[in-house]
Amino acid sequence: MAIPRFSSLLRCRKWAKSDWLVASIGFVLIVFFLSFFIDPTSDSIPSVDRSRPIISPSDLVKLKLSSIAKERGAFCLDGSLPGYHFHEGSGSGFKSWLVHMEGGGWCNTVASCSARALTKLGSSNYFEQEVAFQGVLSSDPSQNPEFFNWNKVAIRYCDGASFAGHPEAEFKNETRLFFRGQLIWEAIIDELLSMGMSDAKQAILTGCSAGGLASLIHCDYFRDHLPKDAAVKCVSDGGYFLNVPDVLGNPTMRSFYHDVVNLQGVDKSLDQKCVAKTEPSKCMFPQEFLKNIRTPVFLVNPAYDFWQIQNVLVPTSADPDKSWAKCRLNIKECDAAQIKFLHGFRSSMMDAIGEFHQSKDGGMFIDSCYAHCQTVMSVTWHSPTSPRIENKTIAESVGDWYFNRKPVKLIDCPYPCNPSCYNLNFT
């Protein structure tokens, strides 16, 4: 897949405000495109007609490579050291911690993992030295009113298995690939504990996409390693992947997860109650194990998740005649029959979260946007034009739930009912 060169785009013309939002979303989405499910028709940057908050130098946070990873044997796919970005809390947030796990798909073969090891999704040699902390990570109270002054950490994703691979699965031949996701997770958490997180009074583990799945897989581990009297909860953004067939009836996602689990030994990190009852790869789907998580969980997910529609429901392999080509890139281009099919996907999600909806401690914000991760950008997390359900932004909803102000079980009406949505356009 050809990744757009933003330097070239910059030389072409002067950018309007809406173009800056396009670039912002494009940078985030490139992470997702560098997964196994690469769609050659998705090279263009998605667009939405909104203004993007200006990034100030104070939003840029430096990279730190783990100081204990080497002694723990915790390496990225290529053997480089894992890392994270840390912004220290202040004032009332001094003993509060928000840990975010980066996303970016998975790799399921030696070839795909080897290719991944030559990118920032498999090697810290390609990590940015500074990244912008936006959305749930922002230090601006106008963009992040509940958590702006907390200690905030963004853990970089460089293992290709939602921080859940195990070295026992590594090849003992000339293929130099390190499946150390679980060790990366444990090493960085131990490092953060030594930096003051062991005294936390409040804490949230969150993540986006594959990182959103990781935040569920590791939720109870996070809870168990913090003080018993701390208020600890987990927020999964765009991480509720569905075990549904594609439009041709093929189990695309289930087969893919089966290969990931077998290649990287992920079964040891999955919910063991689930693994004892069914084929381990099924236990990567939140519907199978969410009920076993002891720690309170909040789900942020679009009912029309573009990543799942493009890669799970309608992968290019399931659209040989390209009848879905326009629809999968822009939901406004879908015909009546395709919209009906997408409503069926929404119904599958409603069914999958049905039991969780009844839980006393759980919360959710399921909007009807054609989107994916929504907590990592201020413009979708909390801004005057953010997506809303019952006039609440995602940030306000998560805050109400975390601080126990009220139960939050928000489910949007079907597309296209919500005019506040950011419906991404990949054409």
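Modeller: Start with S386, which touches S378, V379, T380, W381, T393, S420 and Y422, leaving aside residues up to four places away in sequence. Keep in mind that this is a predicted model.

Biologist: Where does S386 sit in the chain? And is S386 buried or exposed?

Modeller: S386 lies in the loop between α15 (378-381) and α16 (394-402). Its relative accessible area is 1%, under the 20% cut-off, so S386 counts as buried.

Biologist: Which backbone atoms does the side chain of S386 reach?

Modeller: The backbone oxygen of V379 is 3.0 Å from a polar atom of that side chain. The backbone nitrogen of S383 is reached at 2.7 Å.

Biologist: How do I read the packing of helix α11 against helix α13?

Modeller: Two packed helices are described by the angle between their axes and the distance between the axes. Here α11 (residues 306-313) meets α13 (residues 336-352) at about 105 degrees, with the axes 12 Å apart. That angle makes the two helices roughly perpendicular. Q308, I309 and L313 of α11 make the contact with F341, L342, F345 and M349 of α13. By class, the contact has 6 nonpolar residues, 1 polar and no charged ones.

Biologist: How many disulfides does the structure hold?

Modeller: It holds 8. One of them joins C369 to C421, S to S 2.1 Å. It is left-handed, with -80 degrees about the S-S bond. This pair links distant parts of the chain, 52 residues apart. C369 and C421 are both buried.

Biologist: What about C413 and C417?

Modeller: Their sulfur atoms are 1.9 Å apart in a disulfide. That link is right-handed, at 105 degrees. C413 is partly exposed at 36% relative accessibility, and C417 is partly exposed at 32%.

Methods. Residues are numbered from 1 along each chain as its sequence is written. This is a predicted model: local features need pLDDT of at least 70, side-chain atom pairs count only at pLDDT 80 or more; totals for chains, interfaces and linings use all residues. Side-chain values use heavy atoms; hydrogens and water are left out. Axes are lines fitted to C-alpha atoms, for helices over the stretch in contact, and angles run from 0 to 180 degrees between N-to-C directions. Helices (H or I, at least four residues) and strands (E, at least two) are DSSP runs, numbered from the N terminus. Angles under 35 degrees count as roughly parallel, over 145 as roughly antiparallel, 65 to 115 as roughly perpendicular and the rest as oblique. Contact means heavy atoms within 4.5 Å. Ala, Val, Leu, Ile, Met, Phe, Trp, Tyr, Cys and Pro count as nonpolar, Asp, Glu, Lys and Arg as charged, and the others, Gly among them, as polar. Buried means under 20% relative accessible area, exposed over 50%, partly exposed in between (1.4 Å probe, protein chains only). A polar contact is a pair of N or O atoms within 3.5 Å; within protein, one must be able to donate a hydrogen and the other to accept it, and residues adjacent in sequence count only if both atoms are side-chain atoms. A disulfide is a pair of cysteine sulfur atoms within 2.5 Å.
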